[in-house]
Amino acid sequence: MKLKSEYMRTEEKVIFALRELYSKYGYAQFKMSKFEEYDLYVKNKDFLVSDSVITFNDTNGKLLALKPDVTLSIIKNSTDSSGVQKLYYNENVYRVSKNTHSFKEIMQTGLECIGNIGTYNICEVVTLAAKSLSAISDKFVLDISHMGLISSVLAEINDDVKTQILKFISEKNTHDLISLCDNEGVDSKTIVSLINVNGTVDEIKEKLLAIPFPESAADALEEIFTIANILENTQDKDKIHFDFSIVNDMNYYSGIVFKGYIEGIPTGILSGGRYDLLMNKMGKKSGAIGFAVYLDFLERFMEETKEYDTDILLLYNDTDKLAEVLKTVDTLTTQGNRVLAEKTVPEGLKYKTLLRFE
Amino acid sequence: MKDFINIALPKGRLGEKVYDMFERAGYPCPSIRENNRKLIFENSDACVRYFWVKPSDVAIYVERGAADIGVAGKDILLEYEPDIYELLDLDLGKCRMAVASKSDFRDNTDKTLRVATKFVNITKKYYAGKSREIDVVKLNGSIEIAPILGLSDVIVDIVETGTTLKENNLKVFETIVPISARLIANKSSYKFKADKIADIREKLSKQVIKND
């Protein structure tokens, strides 16, 4: 079977491109059911983007949910081993849309790398994230941050204040951050200078070195520099930025975190990171890193309005030899035309050529 | 093609003040001062496009990318929690979100507190922080009338001078949070028009005079 890309919608093209990409790098597809035991989500509620989950009883009265998330299911099914498990998925998830307060079906694809994660794995996943974005558009930015670095800077602060500070960091909101820190008697200087570090690998190195980080940040900094040096040699290095306002939940994410943006799409469409702490919470010893690409925004991105609804409009009558009509349609389509056979001209239809069957 | 910056300004006096700041920052658009019914104003030399929208809608335009940047009150940002960057406190349109009620009101903690407000999320969060059980009455305007008619015990609303409250024999009991206008940016636009947005932020910030 041959597929012609002109008959595919944008998101379908992207899905195929991503599948090819992930398979080439040795990731195996993980196919799963739409349902999951509700229990899984109750235990890890904060990990979910939205609180609401669609639930229903199965035939035995057990409470099931339509999956709001894929990562948790993959972790649940993973086994601790000395190697690394590389998986990708392409599934629908069900979440509440913040704007409309109603459930939405969101097409999501992504990959997870679970096991004994080393620097190579991190770089590979980050590179694949960049390549995933570039499969959608060459105008993209992949922002990288490090939760280890941020948590070492915030280590001494109590949890309530920490949550507020994290929110301000993610908003690049330095004015409210400074006044909160002043009220709480926390030194805001390091945090503010960290928020202001953003740019390509070249641009951030010196800026980072100039910040007086606490000693506990040493490991995170070393990891950032190691990764930055490796990424400097990849082809998309200009589009890979470090931006320390990218924050994910500290209870789940431990190391590198990242977010991808495409010009013309108003929100981030790729999100991921290293989530060893979540693995830990779910009783696994392995580390893990992964990301998800949200494909629902692509529907209206790069939307081409076709000039014609059909190439050829073929008009026929019931008195014509129908076998001949069918044969003509067949011939025209094999010549590469889109053919619509009708008895009268449909209202509002735009066609390139009008043919009368004779 | 030149990259335009789309700027959503809140209709009204505050928006006009904010436009003046943009103009002084080097992003003028003279046609905006003409008294007509146009909705969108463009200056291709400075590559800016301004439009007036309802103040409470600015955040929506910015969050969904129809505007790259905009100016919105902190009250709106706290209420809707849009996924945007909040880049600068413009220190304009200053007021506070407060709890008010009739002057002779006394809080009775053994009952659920009935609170009338436009700002349901801010209210819920504030009282959740105090572990107080409340019954929210969502209203869209003339909030002050609610405690007078016994619709609610207190109101949560924006207080600027307090004149309206005083004239209706109401009084502020607690301040929840100070409010002012903020410069906000779409997260994706910030990545692709970074230099220009940073330049605007920088030049606006120089005009902000903090007077606490």
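Two strands are said to pair if DSSP finds at least two bridges between them, and helices (H or I, at least four residues) and strands (E, at least two) are themselves DSSP runs, numbered from the N terminus. The model on your screen is a predicted one, in which local features need pLDDT of at least 70 and side-chain atom pairs count only at pLDDT 80 or more, while totals for chains, interfaces and linings use all residues. Residues are numbered from 1 along each chain as its sequence is written, and chains are lettered from A and ligands numbered from 1 in the order in which they are written.

**Stop 1: a sheet in chain B**

Select strand β7 of chain B, residues 113-117, which runs parallel to β8(B) and is joined to it by five bridges. Within this pair, look for Val115(B), which stands opposite Val136(B) of β8(B).

Now widen the selection to the open sheet of five strands in chain B, whose order is β8-β7-β9-β6-β10 and whose pairing is mixed. Its edge strands, each pairing on one side only, are β8 (134-138) and β10 (170-179) of chain B. On average, neighbouring strands of this sheet are turned by 30° against each other, direction ignored.

**Stop 2: Trp52 in chain B**

Next select Trp52(B), which has its place in strand β3 (residues 48-53) of chain B. Is Trp52(B) buried or partly exposed? With 19 other C-beta atoms within 10 Å, Trp52(B) is partly exposed; a residue is buried if 20 or more other C-beta atoms lie within 10 Å of its own, exposed if 12 or fewer, and partly exposed in between, with C-beta atoms placed from the backbone. Leaving aside neighbours within four places in sequence, Trp52(B) is in contact with Leu9(B), Lys11(B), Gly15(B) and Leu39(B), contact meaning that the C-beta atoms of two residues, placed from the backbone, lie within 7 Å.

**Stop 3: where the chains touch**

Show both chains and select their contact, which takes 14 residues from chain B and 12 residues from chain A. On the side of chain B that touches chain A, the elements giving two or more residues are β5 (84-89) and α7 (187-192) of chain B, and the largest share, five residues, comes from β5(B).

**Stop 4: helix α1 in chain A**

Move to helix α1 of chain A, residues 10-24, whose 15 residues reach 21 Å from the first C-alpha to the last, close to the 21 Å expected at 1.5 Å a residue, the expected span being 1.5 Å times one less than the number of residues. Which residues of α1(A) are buried? They are Val14(A), Leu18(A) and Tyr22(A). Because they cover an arc of only 60° around the axis, they lie on the same side of α1(A); the arc is that of the directions from the helix axis to the C-beta atoms. The buried residues of α1(A) pack against β5 (84-96), β6 (103-115), α4 (119-136) and β12 (287-294) of chain A, whereas Glu20(A), Ser23(A) and Lys24(A), on the other side of α1(A), are exposed. Following α1(A), you will find Gly26(A), whose phi is positive, near 85°.

Terms used
Axes fitted to C-alpha atoms, helices over the stretch in contact; angles between N-to-C directions.
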